[in-house]
Amino acid sequence: MWKFVLPILALVGLLAVNPAHADIMGKPDVADGNTIIIAGEAVRLYGIDAPELAQTCSDAKGKVWACGKESMYALLRFLENHWVTCKEGRRDRSGFRSMVCFAGPYDIGAKMVHDGWALALDQARADYLLQQHNAMTAKRGVWRGGFMKPWEWRRAVRRQR
């Protein structure tokens, strides 16, 4: 029996200290509307996608505005002087850590979706989807006019190259 139990315990021990799964905390720098950098490591906010920095949107009257930069500025304003704790990390397809991050008791991804500066992804927590519906109904952030979903915008840009 021990010959089966010992390898399992060793694997559990490795997972417990695996840096890809370890919590991180610190004063973040903001890269864009869904990516922060803590102690030199880029972390994507789990379950959300924000407009790309070069992405534009239109308001209700059709006037174009820099929604990608505004999304980043919204995250900068929210995190201004906060330390951040990120949990539940795993690597995404691009090699970034994808984590649920908090500024104090506040889920940063939830805040960005609530304020309309990011969209909930399919695998998002159920509360993100409700907050997205509320942001859309209240016409907050990108929902105040027309926009292309960030993943569709990236696909269109790749096709143009």
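**Entry 1: D49 and its partners**

I started with a side-chain pair: the side chains of D49 and R154 make a polar contact at 2.6 Å. For me a polar contact is a pair of N or O atoms within 3.5 Å; within protein, one must be able to donate a hydrogen and the other to accept it, and residues adjacent in sequence count only if both atoms are side-chain atoms. A note on the source: this is a predicted model, where local features need pLDDT of at least 70 and side-chain atom pairs count only at pLDDT 80 or more, while totals for chains, interfaces and linings use all residues. Residues are numbered from 1 along each chain as its sequence is written, and side-chain values use heavy atoms, with hydrogens and water left out.

Where does D49 sit? I found D49 in strand β5, residues 48–49. Helices (H or I, at least four residues) and strands (E, at least two) are DSSP runs, numbered from the N terminus.

Is D49 buried or exposed? D49 counts as buried, because its relative accessibility is 6% (buried means under 20% relative accessible area, exposed over 50%, partly exposed in between, with a 1.4 Å probe and protein chains only).

Next I listed what D49 touches: N34, A118, L119, L121, P150, W151 and R154, leaving out residues up to four places away in sequence. Contact here means heavy atoms within 4.5 Å. I also checked D49 against A120: they are 71 residues apart in sequence, yet 6.6 Å apart in space, C-alpha to C-alpha.

**Entry 2: the largest pocket**

Rolling a probe the size of a water molecule over the atoms shows where empty space is left. The search uses a 1 Å grid over the protein atoms alone; a pocket is an open set of points where a 1.4 Å probe fits, with protein on both sides within 12 Å along at least five of seven lines, and lining residues have an atom within 4 Å of a point.

The largest pocket has a volume of about 740 Å³. That volume is the space filled by probe spheres set on the points, with grid points joined across faces, edges and corners. I noted 28 lining residues, and those nearest the centre are I48, D49, R93, L121 and R154. Which elements supply at least two residues of the lining each? They are β4 (41–45), β5, β8 (84–91), β11 (119–120) and α5 (150–160). The largest share, four residues, comes from α5.

**Entry 3: helix α4**

I moved on to α4, residues 126–138. Its 13 residues should span 18 Å at 1.5 Å a residue, and the end C-alpha atoms are 19 Å apart, which agrees (the expected span is 1.5 Å times one less than the number of residues).

Which residues of α4 are buried? They are Y128, Q131, Q132 and A135. Seen down the axis, these buried residues fall within an arc of 105°, so they line one face of α4; the arc is that of the directions from the helix axis to the C-beta atoms. On the other side of α4, I saw A126, L130 and T137 exposed. The buried residues pack against β5, β9 (97–103), β10 (106–107), α3 (108–114) and β11.

I took a look at Q132 by itself. Q132 is buried at a relative accessible area of 15%, and beyond four places in sequence Q132 touches V113, L119, A120 and W143.

**Entry 4: two positive phi values**

K139 follows α4, and its phi is positive, near 60°. I placed K139 in the loop between α4 and α5, where K139 is exposed, with a relative accessible area of 55%. A39 has a positive phi too, about 50°, although A39 is not a glycine. A39 sits in the loop between β3 and β4 and counts as exposed at 80% relative accessibility.

**Entry 5: the whole chain**

Last, I stepped back. I counted five helices and eleven strands in the chain. Of its 161 residues, 40% count as buried. Among contacts between residues at least 6 apart in sequence, 59% join residues at least 24 apart.
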